[in-house]
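Here is a short report on one protein structure with a ligand. Look at the model first, then read on.

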Amino acid sequence: MAKDTVTVIDNRTGQQLELPIKDGTINALDLRKLKTGPEDFGLMTYDPAYMNTAACRSSITYIDGDKGILRYRGYPIEELAERKSFAEVAYLLLHGELPAADQLAQWKGQVTHHTMVHENVKKFIDGFQYDAHPMGILQTTVAALSTFYPDAKNIGDPECRKLQILRLIGKVPTLSAYAYRHRMGLPYVPPDNDLSYTGNFLNLLFKMAEPKYVPNPVLEKALDILFILHADHEQNCSTTAMRGIGSSHVDPYSALAGATAALWGPLHGGANEAVLRMLTEIKTIANVPGFIEKVKKGEGRLMGFGHRIYKNYDPRAKILKEMADKVFAVQGTNPLLDIAIELERIALHDEYFVQRKLYPNVDFYSGIIYQAMKFPVDMFPVLFAIPRTVGWLAQWEEMLTDQEQKIARPRQIYTGHWERHLPEYDAAAAGARA
Ligand SMILES: CC(C)(COP(=O)(O)OP(=O)(O)OC[C@H]1O[C@@H](n2cnc3c(N)ncnc32)[C@H](O)[C@@H]1OP(=O)(O)O)[C@@H](O)C(=O)NCCC(=O)NCCS
């Protein structure tokens, strides 16, 4: 029977190394045994952007990019989106199992208990320019929370970690909504504990003078599904930031602020905002073929298309495309949808996109739905950050309790000057002095 090993031969020395293959990987550290001499550090792997490196073991989210599969804790995303609430999915991601009825009630109560923010946080938000991007406000206020909860640095204490997780899941929607209200010049309203997680978020955003805000059930449900779809996505850029920063054992607010920053980039969670700007710029269906040609010439990218992992239709995009109609029935249609559908139609049949396996990703349709729900474009990445907070925290907890993890510290191939000296520096004299 064939052995589960791979043999590496160093042609410089003739040395042979038999490396065990475990879980479809070899241990990169084993390669260090290949040395040309005692001074040789040993063989390393070179993998910019971690294209082929598994940096952790994880039991949270599974993706098969070729087949277009996404599962949280083993459950297909389609089933969760159709049958479960965001509160249940958040519990699942963090605890590994879906909650029983009493566990769910307790979980909702615990999160609700932490939705309020200190009055000083509002003053902090007030200090921002009137047109400050809400993602910038969210990122910095999350970081500022570390100064409100200095106990959070006790990351070795499971109870303390649990408390910070509840605080963050409770407060991130409040901070996000206040960032929006600051920008709109509206007063901050308190959370409403009678409402669901997404219902309360809508209340925090849109409540005006009415004594009780009643969320539209279709929009509340749509947002709940959007939150489920965005809750986790294994080792993406922002999650890697969360794990990397968290691996220094800093408090979770500081780590989550870093993850939020990573999410903001247009190649990651900022893509939904970029999609909307792109569709607005294209303006009409007649301009779509011209735009596609420009993309093919390398003059810009088709935002919301392509993915490092999915080389098939992103399952989340499929759910969103179907959901768009339900939201439009309440809010009126978004003319940008027609441009998006035409872009998709042409791209899915065009050799350039087919060859590179570029399909719509989650951001292609989410922005159109958010806009129909009357969110300003710069709130889109914030709407991504709220549910992803759960995924970041689940991954953070997993990283901290994984005995194999250490502070993240990749290696480099040094390409700079070798040793050289300042012209006025007398190296020989310095050597004599030493
Ligand atoms: C997501 C993304 C960053 C993944 O990048 P990646 O895995 O590093 O893939 P690459 O950038 O190496 O792209 C591979 C090829 O496809 C092309 N490509 C990738 N995404 C493209 C897009 N959206 N539009 C046009 N061409 C694209 C690249 O130009 C490259 O072509 P080449 O081989 O001729 O040079 C990339 O697809 C992208 O920028 N998409 C748009 C932004 C977006 O929607 N991000 C949200 C992700 S959820």
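The side chains of Glu 397 and Arg 161 join in a salt bridge, with N and O 2.8 Å apart. A salt bridge here is a side-chain nitrogen of Lys or Arg within 4 Å of a carboxyl oxygen of Asp or Glu. By this rule the count is 21 salt bridges. Another links the side chains of Asp 30 and Lys 33, at 3.6 Å from N to O. Asp 30 is buried, because its relative accessible area is 17% (buried means under 20%, exposed over 50%, partly exposed in between, with a 1.4 Å probe and protein chains only).

This is a predicted model: local features need pLDDT of at least 70, side-chain atom pairs count only at pLDDT 80 or more, and totals for chains, interfaces and linings use all residues. Residues are numbered from 1 along each chain as its sequence is written, and side-chain values use heavy atoms, with hydrogens and water left out.

**The ligand**

The ligand is surrounded by 17 residues (a residue is near if one of its heavy atoms lies within 4 Å). The closest are Arg 301, Leu 302, Gly 304, Arg 308 and Arg 356. By class, this shell has eight nonpolar, five polar and four charged residues. Ala, Val, Leu, Ile, Met, Phe, Trp, Tyr, Cys and Pro count as nonpolar, Asp, Glu, Lys and Arg as charged, and the others, Gly among them, as polar.

| Residue | Protein atom | Ligand atom | Distance |
|---|---|---|---|
| Arg 301 | side-chain N or O | oxygen | 2.8 Å |
| Leu 302 | polar backbone atom | nitrogen | 2.7 Å |
| Tyr 352 | polar side-chain atom | nitrogen | 3.0 Å |

Taken alone, the ligand exposes 860 Å², and the protein buries 70% of that. These areas come from the Shrake-Rupley method with a 1.4 Å probe.

**Aromatic rings**

The structure holds 17 aromatic pairs. Rings of Phe, Tyr and Trp (its six-membered ring) pair if their centres lie within 6.5 Å; planes under 30 degrees apart are stacked, over 60 edge-to-face, the rest tilted. Why is the pair of Tyr 370 and Phe 375 edge-to-face? Their planes stand at 90 degrees, so the pair falls in that class, with centres 6.2 Å apart. Tyr 370 is buried, at 0% relative accessible area. Phe 375 is buried too, at 3%.

Definitions and conventions: A polar contact is a pair of N or O atoms within 3.5 Å; within protein, one must be able to donate a hydrogen and the other to accept it, and residues adjacent in sequence count only if both atoms are side-chain atoms.
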